[in-house]
Amino acid sequence: MLDFFTIFSKGGLVLWCFQGVSDSCTGPVNALIRSVLLQERGGNNSFTHEALTLKYKLDNQFELVFVVGFQKILTLTYVDKLIDDVHRLFRDKYRTEIQQQSALSLLNGTFDFQNDFLRLLREAEESSKIRAPTTMKKFEDSEKAKKPVRSMIETRGEKPKEKAKNKKNKGAKKEVKFLLTGFDVPLTASKAAPAEKSVGADNGVELSKEELIRRKREEFIQKHGKAADKSSKSSKSDAPKEKGKKAPRVWALGGCANKEDLDYSAPTTNGAPEVAPPEDINLIRGTGPGGQLQDLDCSSSDDEGAAQNPTKPSAAKGTLGGMFGMLKGLVGSKSLSREDMESVLDKMRDHLIAKNVAADIAVQLCESVANKLEGKVMGTFSTVTSTVKQALQESLVQILQPQRRVDMLRDIMDAQRHQRPYVVTFCGVNGVGKSTNLAKISFWLLENGFSVLIAACDTFRAGAVEQLRTHTRRLSALHPPESHGGRTMVQLFEKGYGKDAAGIAMEAIAFARNQGFDVVLVDTAGRMQDNAPLMTALAKLITVNTPDLVLFVGEALVGNEAVDQLVKFNRALADHSMAQTPRLIDGIVLTKFDTIDDKVGAAISMTYITSKPIVFVGTGQTYCDLRSLNAKAVVAALMKA
């Protein structure tokens, strides 16, 4: 039984609607438009909203959308046939009214489609019932029935041929030992017998057993003597390499290995600012405005070289060949079909995968573009390749600009009005740069005039607290209390190692509320997405402390792994949460973006799978190397050949 079936234009005008139940279809259809159609996620023609499953079909020629909804616990096999039949009949019956392409004509038009729809629904239901049930396979149709009975009968005491052969081979392998220079060399009789015959055949005289042993001994000595010579030569050749060994490079900021300089075990108390040793502040800070996030620039060195050396005349291609090449791909005023786009979409899919987009997501993106363009009428001087590429670019830009936009500065000001700290929790797998990018975000907040408390909740990794202590000391040197009227702008809250991370975060938030800090940045331990105990601990930390923002830190080097990490992190947070409405990831911090050149596919994969925005992009090692995502620049780098 169907809940509803509705037909509306892409402009939002409902042309006809069938209501099977009393509940309104407005909510599910709006959710479909908001989450699928506007977000360019049309790779799959089904969408689940609460207890309903919605299936839809796009008519790109007449800009129509056909949507059917039914309970997701039902398995209705005739829905796809029904939606195709309704689409075909409605388009043919009201072609004249739809082709006028004006909202006024659609509003004034009368679409009396109730009787036709009920007839098609009845036919679809009957066709699903008429289908013959699957019958069991008979014994006569099986492979066993074709074998003769004699081949399946085994008499007692008779052994199969293969086993008998194996027994013969095993019996033939009787070990014969020859004493050769103090070694016992096992040889099988089956191998020794042919050797004797061959030796006798070569000389024309059959050799005795003693002569055969002597020859074998000589061959053995020669063989092992060559191996010893090779090993001695290799040892001699390795000796000069050790003499010319390079001295280790000493870096400018590498420090020294004195025991006093490496001792960080002095006890520190929360609230006591640490004195910074003399360091080059400009190297730590970096260049550029710290308080304003610049847009991400994805241009590579190849682009700069191309800009300096503009157009080179391509004399290899003649004007005649170029003209015919241009005319070859023209499609004049015809509607696109799947066959027209298939080869282009295959190349686009391979290109996206080569740019580090996850394979499943690349397939869904190309399928979404195919659904969007199928049936669309092409212009006279438009090629299939350019049309598909343009549609894919628009889809990618739309994906990188998801529904919710995170504005941290605005949210922090709102928390200040309520006299409470703004809490941000960082999570992610091991080694992606959570602590480093937490320090960058701290510097950005300090440049905007907000005080920051860093909560060291990574109580597992050795050196995690010392790393944050070093960042706090350097940030305090960049923003000393003297420059802010004696107010401590950045401070570390830590309780050592082996403690409960959720409890430390709770104490840090209470401390920030009492001391008047504006922002609390919670650093958590890195954990793999498959580690159930650590994921339970992270879900507990988020559930107990209810942070304002949960940021997932992921590196731009991953491909398919990005999808697996985000899906399992979200699933683990939902499964292990004790709240009725579990808290999931709110945004993404993409790190190591300066190491990937134009392979920016991880940004697409992460945003597509979560529908969450990329809030920050890390592009280096200094505090100023933090950027905001520029969707058009990322898409341009992604589509670059």
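Guide: Five strands form an open sheet in the order E2-E1-E5-E4-E3, with antiparallel pairing. Strands (E, at least two residues) and helices (H or I, at least four) are DSSP runs numbered from the N terminus, and two strands pair if DSSP finds at least two bridges between them. The model is predicted: local features need pLDDT of at least 70, side-chain atom pairs count only at pLDDT 80 or more, and totals for chains, interfaces and linings use all residues. Residues are numbered from 1 along each chain as its sequence is written, and side-chain values use heavy atoms, leaving out hydrogens and water.

Visitor: How many bridges join E1 to E2?

Guide: Five bridges join these antiparallel strands, and Phe5 stands opposite Phe18 in E2. Helix H2 (residues 79–93) packs on the sheet and touches E1, E2, E4 and E5, its direction making about 35° with that of E4. Contact means heavy atoms within 4.5 Å.

Visitor: How is a pair of aromatic rings described?

Guide: The distance of the centres and the angle of the planes describe such a pair. Rings of Phe, Tyr and Trp (its six-membered ring) pair if their centres lie within 6.5 Å; planes under 30 degrees apart count as stacked, over 60 as edge-to-face and the rest as tilted. In the whole structure, a search finds 15 aromatic pairs. For Phe5 and Phe117 the ring centres are 5.1 Å apart and the planes stand at 55°, so this pair is tilted. The pair links distant parts of the chain, 112 residues apart: Phe5 belongs to strand E1 (residues 4–9) and Phe117 to helix H5 (residues 114–130).

Visitor: Is Phe5 buried or exposed?

Guide: Buried means under 20% relative accessible area, exposed over 50%, and partly exposed in between (1.4 Å probe, protein chains only). Phe5 has a relative accessible area of 0%, so Phe5 is buried. Phe117 is likewise buried, at 0%.

Visitor: Which residues do ring pairs link into a cluster?

Guide: The cluster consists of Phe5, Trp16, Phe18, Phe66, Phe90, Tyr94, Phe111, Phe113 and Phe117.

How values were computed:
Axes are lines fitted to C-alpha atoms, for helices over the stretch in contact, and angles run from 0 to 180 degrees between N-to-C directions.
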